[in-house]
Amino acid sequence: MGESKQIRVGIVGASGYGGVQLVRLLSEHPHADITYLGGNSSAGREYVEIYPHLAVPLTVEAVSVEVIVNRCDVVFLSLPNGLACELAPQLLARGCKVLDLSADYRFANLDIYQTWYGNDRSDAGTNQQAVYGLPELFGECLPEARLVGCPGCYPTASLLAIAPLLKQGLAQPDSLIIDAKSGTSGGGRQAKEHLLLAEADNSLAAYGVAKHRHTPEIEQICSRLAGREVMVQFTPHLVPMVRGILSTVYANLRDPGLVREDLHTIYSTFYRRSPWITVLPTGVYPQTKWAWGTNRCFLSIEVDARTGRVIVMSAIDNLMKGQAGQAVQCFNLMHGLDQQMGLPKQSFYP
Ligand SMILES: NC(=O)C1=CN([C@@H]2O[C@H](COP(=O)(O)OP(=O)(O)OC[C@H]3O[C@@H](n4cnc5c(N)ncnc54)[C@H](OP(=O)(O)O)[C@@H]3O)[C@@H](O)[C@H]2O)C=CC1
Ligand SMILES: CC(=O)N[C@@H](CCC(=O)OP(=O)(O)O)C(=O)O
């Protein structure tokens, strides 16, 4: 039974791509009232001026902890990395729950965060309280959570593909190779040269090879699942499309005698209580377009009997299951609500 009262929510970073998804979803959520929108360069602007199609009658305000804690029960921080770790300790101390969409609260070990993100931190105590917001793996921690570190988009797609392999000991952990592709909205709304239409369109390239900051995030959770240190090979690519991630994972099977039907049964059982995960029929491979605008993750499992490798394909919308949709799923579970509440189930197609 969920809470029946309305929950007062704030969104900081409301003008960004994550922020606008949150406004879209939460303005239609039956148990949420948006009471605060925060920003930096957009502060002082009417939200309808920034996003006329949403017709939300609020003004973006400069960030003020005092105002947020007076007006909100929960706040979503959809900000560049390194800002949430300044705000969250103050918000939590004043009784406001926090869902952070950046990387600030994704790492149990802050040394790893500091190595990869370079920000100095003085909030180790706060960081210890954070729950990694991937409900299909850690959902049981969410009802008690006051601080959620929502996962990155590539880690979400990749970990949902990998989890059954490691949790059930089906694959050799150090053989994991992740080849992932993202649409350009993954880079956010801020102007960046490589995301200009003339640069990104009609072209395909890898980036961050052997050094992308989602590598340690994926490794941290793989290590938890495998019960020992795991390293992965992760290569992201930029695709000339707006939304979507397709993550293709390769691993050596411990038992090369397994066939795809066995793995299909194992994955279907593993995700039997996960309404946002669809394990596709054998031989059907996912398209990012099937997840567009929804919180769904489509998985497909194949085995190459010649090499003894399993190949798992995972498709999500990076702005939904990879970001704002997943944050709303976590918000629901934090408040005893149905995890599907306020989240679209069917995509546009074509
Ligand atoms: N895009 C994606 O697919 C995913 C992104 N993420 C993470 O989510 C977070 C948000 O990403 P995204 O929405 O793409 O980013 P955007 O660049 O689209 O938006 C960033 C937002 O942060 C605000 N902001 C920046 N600096 C400040 C500041 N000093 N004070 C207050 N507000 C500030 C901006 O406000 P203003 O316009 O007013 O300056 C803007 O609203 C990032 O940490 C990102 O890594 C996670 C998963 C997926
Ligand atoms: C296409 C593209 O540029 N994608 C982004 C992923 C954004 C994200 O989720 O990164 P955080 O860990 O900072 O939240 C990137 O590769 O940096």
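**View 1. The place of Ala 210 is in the loop between strand 9 (205–206) and helix 10 (214–226).** Helices (H or I, at least four residues) and strands (E, at least two) are DSSP runs, numbered from the N terminus. This is a predicted model, in which local features need pLDDT of at least 70 and side-chain atom pairs count only at pLDDT 80 or more, while totals for chains, interfaces and linings use all residues. Residues are numbered from 1 along each chain as its sequence is written, and chains are lettered from A and ligands numbered from 1 in the order in which they are written. Although Ala 210 is not a glycine, its phi is positive, about 65 degrees. Is Ala 210 buried or exposed? Ala 210 counts as exposed because it has 9 C-beta neighbours inside 10 Å. Here a residue is buried if 20 or more other C-beta atoms lie within 10 Å of its own, exposed if 12 or fewer, and partly exposed in between, with C-beta atoms placed from the backbone.

**View 2. Ala 55 sits in the loop between helix 2 and strand 3 (60–62).** Phi of Ala 55 is near 50 degrees, a positive value in a residue other than glycine. Ala 55 counts as exposed because 9 C-beta neighbours lie inside 10 Å.

**View 3. Ile 50 belongs to helix 2 (residues 47–50).** With 18 other C-beta atoms within 10 Å, Ile 50 is partly exposed. Which residues does Ile 50 contact, leaving aside its neighbours within four places in sequence? They are Ser 15, Ser 42 and Arg 45; two residues are in contact if their C-beta atoms, placed from the backbone, lie within 7 Å. Ile 50 and Gly 188 are 138 residues apart along the chain, and 15 Å separate their C-alpha atoms.

**View 4. Here we look at the two domains, domain 1 (7–150 + 323–334) and domain 2 (154–316).** These bounds come from an automatic or database domain assignment. Taken over C-alpha atoms, the centres of domain 1 and domain 2 are 25 Å apart. Where the domains meet, 15 residues of domain 1 are in contact with 17 residues of domain 2. On the side of domain 1 that touches domain 2, the elements giving two or more residues are helix 5 (110–117), helix 7 (135–138) and helix 12 (324–334). By class, that side of domain 1 has 9 nonpolar, 4 polar and 2 charged residues. In this grouping Ala, Val, Leu, Ile, Met, Phe, Trp, Tyr, Cys and Pro count as nonpolar, Asp, Glu, Lys and Arg as charged, and the others, Gly among them, as polar.

**View 5. Ligand 1 is surrounded by 30 residues.** A residue is near a molecule if its C-beta atom, placed from the backbone, lies within 6 Å of it. Helix 1 (residues 17–26) gives the largest share of the shell, 3 residues. The shell around ligand 1 has 9 nonpolar, 20 polar and 1 charged residues. Why does ligand 1 lie between domain 1 and domain 2? Both domains give residues to the shell around ligand 1, so it lies between them.

**View 6. Ligand 2 has a shell that includes Cys 153, Ser 182, Arg 213 and His 214.** Also in this shell are Asn 81, Ser 102 and Ala 103, among others. Its residues divide into 4 nonpolar, 7 polar and 1 charged. Domain 1 and domain 2 each supply at least three residues to the shell around ligand 2.

**View 7. Cys 153 lies in helix 8 (residues 153–167).** UniProt, in an unreviewed entry, places the feature "active site" at Cys 153; such annotations may be inferred rather than shown by experiment. Cys 153 counts as buried because it has 28 C-beta neighbours inside 10 Å. Leaving aside neighbours within four places in sequence, the contacts of Cys 153 are Ser 182, Gly 186, Ile 245, Asn 318, Gly 322 and Gln 323.

**View 8. Helix 11 (residues 260–270) has the buried residues Leu 263, His 264 and Tyr 267.** They cover an arc of only 105 degrees around the axis, which puts them on the same side of helix 11; the arc is that of the directions from the helix axis to the C-beta atoms. An α-helix has 3.6 residues a turn, so residues three or four places apart point the same way. The buried residues of helix 11 pack against helix 8, strand 12 (277–279), strand 13 (297–304) and strand 14 (309–316). Exposed Glu 261 and Thr 269 are on the face of helix 11 turned away from its buried side.
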